[in-house]
Amino acid sequence: MIKVAVTGALGRMGSEVVRAVQAAEGMEIVAQIELGDNLADELKYSDAQVMVDFTIPASALANIRTALASKVIPIVGTSGLSPADLDEIRGLCETHQTACLIAPNFAIGALLMMQFAAQAAKYLPDVEIIELHHEKKVDAPSGTAVKTAQMIAAARTGTPIPRPETAFESHAGATGAEVDGVPVHSVRLPGFVASQEIIFGAQGQRLSLRHDSLDRTSFMPGVVLAIQKSASLKGLTYGLENLL
Ligand SMILES: NC(=O)c1ccc[n+]([C@@H]2O[C@H](COP(=O)([O-])OP(=O)(O)OC[C@H]3O[C@@H](n4cnc5c(N)ncnc54)[C@H](O)[C@@H]3O)[C@@H](O)[C@H]2O)c1
Ligand SMILES: O=C(O)C1=N[C@H](C(=O)O)CCC1
């Protein structure tokens with residue numbers, strides 16, 4: 001049995017993870033950790049092997065540091081970690097000889113959307129991302145949009161048409177934020193869980209790729225898969241697609 005601790009256990013995602021692990025074979029919940037608990041003690045006394053983290057960026061970084069120092073493998077869904085944070089975590093994985101997975105999106109359909117986008121970007125360089133999430137989301141742009149933009153930028157061979165100078169915006173932000181040269185627009189509204197549309201435009205044609213998570217169970221097969229494969233992880237893995 002893989003022993004799993006969950007940080008952010010009372011949150012929207014954390015509570016769903018507790019249910020999913022309890023329903024899965026070959027794994028068990030040994031600690032449900034919330035704000036104010038002593039993480040190092042909880043990990044030690046529960047003998048946890050894996051820590052699943054869905055919290056907030058500042059907490060996630062501190063939790064990852066504690067888990068790695070305790071030789072517990074962090075599986076992290078929390079979004080908003082910076083490239084500098086990822087560099088630090090990569091170094092800590094080496095120092096403590098413990099692996100870590102950071103997955104901006106655990107929904108298999110979203111991973112496919114991102115991979116299809118990278119494929120399309122080889123031929124269609126002009127692209128923008130619209131991500132749409134629930135109104136309680138605390139970070140923007142979403143971790144999924146950031147990872148998608150990075151994958152598009154890495155795959156893109158052609159040169160996109162120059163964007164209008166933001167100085168032309170009569171209202172600041174109207175043309176979106178740029179992530180790795182890809183414009184990203186963030187919508188926050190009740191009625192959404194997590195959606196993203198990637199629009200490629202070319203002469204006389206458009207290609208749209210869209211994924212919708214309708215509820216948080218959509219992320220659970222990916223979380224369970226990551227726990228099952230945790231023992232095979234090496235160093236820092238960024239993106240669940242690396243485990244498929
Ligand atoms: N990767 C994915 O597939 C995916 C999917 C959904 C959400 N997310 C991300 O997961 C994160 C959480 O989202 P949510 O909707 O569950 O938020 P939420 O606000 O419902 O839950 C966060 C929980 O973390 C707790 N928390 C904060 N700091 C903590 C700490 N130091 N130790 C323990 N618990 C702590 C809070 O008390 C809260 O209960 C966000 O960053 C979100 O973007 C990722
Ligand atoms: O609900 C959220 O918050 C989500 N965050 C992730 C992101 O930032 O990409 C994934 C989808 C849900």
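Select K137 to begin: this residue lies in the loop between β6 and α6 (143–155). The model you have open is predicted. K137 has 17 C-beta neighbours inside 10 Å, so K137 counts as partly exposed. The label "buried" needs 20 or more.

A UniProt record, an unreviewed entry, places the feature "active site" at H133 and K137. H133 lies in strand β6, which covers residues 127–133. Is H133 buried or exposed? H133 is buried, because 23 other C-beta atoms lie within 10 Å. Next, show what H133 touches. Leaving out residues up to four places away in sequence, the contacts are S142, R188, F192 and A194.

Go back to the loop between β6 and α6 and pick P141. Look at the peptide bond from A140 to P141. This bond is cis, with omega near -5°. Most peptide bonds are trans.

Next stop: ligand 1. Select the residues around it. The shell holds 24 residues, and the closest are G8, G11, M13, S59 and G77. Colour the shell by class. You get 10 nonpolar, 12 polar and 2 charged residues. Which helices each supply at least two residues of this shell? They are α1 (12–23) and α3 (57–69). The largest share, 3 residues, comes from α1.

Move on to helix α2, residues 39–46. Here L39, E42 and L43 are buried. They cover an arc of only 95° around the axis, so they sit on the same side of α2. An α-helix has 3.6 residues a turn, so residues three or four places apart point the same way. What do the buried residues of α2 pack against? Show β1 (2–7), β2 (27–33), β3 (50–53) and α3 to see their partners.

Step past the end of the helix. α2 is followed by D47, in the loop between α2 and β3. Check the backbone angle of D47: phi is near 65°, a positive value in a residue other than glycine. Most residues other than glycine have a negative phi. D47 is exposed, because 11 other C-beta atoms lie within 10 Å, and "exposed" means 12 or fewer.

Last stop: Q97. Find Q97 in the loop between α4 (83–96) and β5 (100–102). Phi of Q97 is also positive, near 50°. Is Q97 buried or exposed? With 10 other C-beta atoms within 10 Å, Q97 is exposed.

Note on methods. Residues numbered from 1 in each chain as written. Chains lettered and ligands numbered in written order. Predicted model: local features only at pLDDT ≥ 70, side-chain atom pairs only at ≥ 80, totals over all residues. Near = placed C-beta within 6 Å. Helix = DSSP H or I, 4+ residues; strand = E, 2+ residues; numbered from the N terminus. Nonpolar A, V, L, I, M, F, W, Y, C, P; charged D, E, K, R; others polar. UniProt positions renumbered as here; feature names shortened; annotations may be inferred. Contact = placed C-beta atoms within 7 Å. Arc of directions from axis to C-beta.
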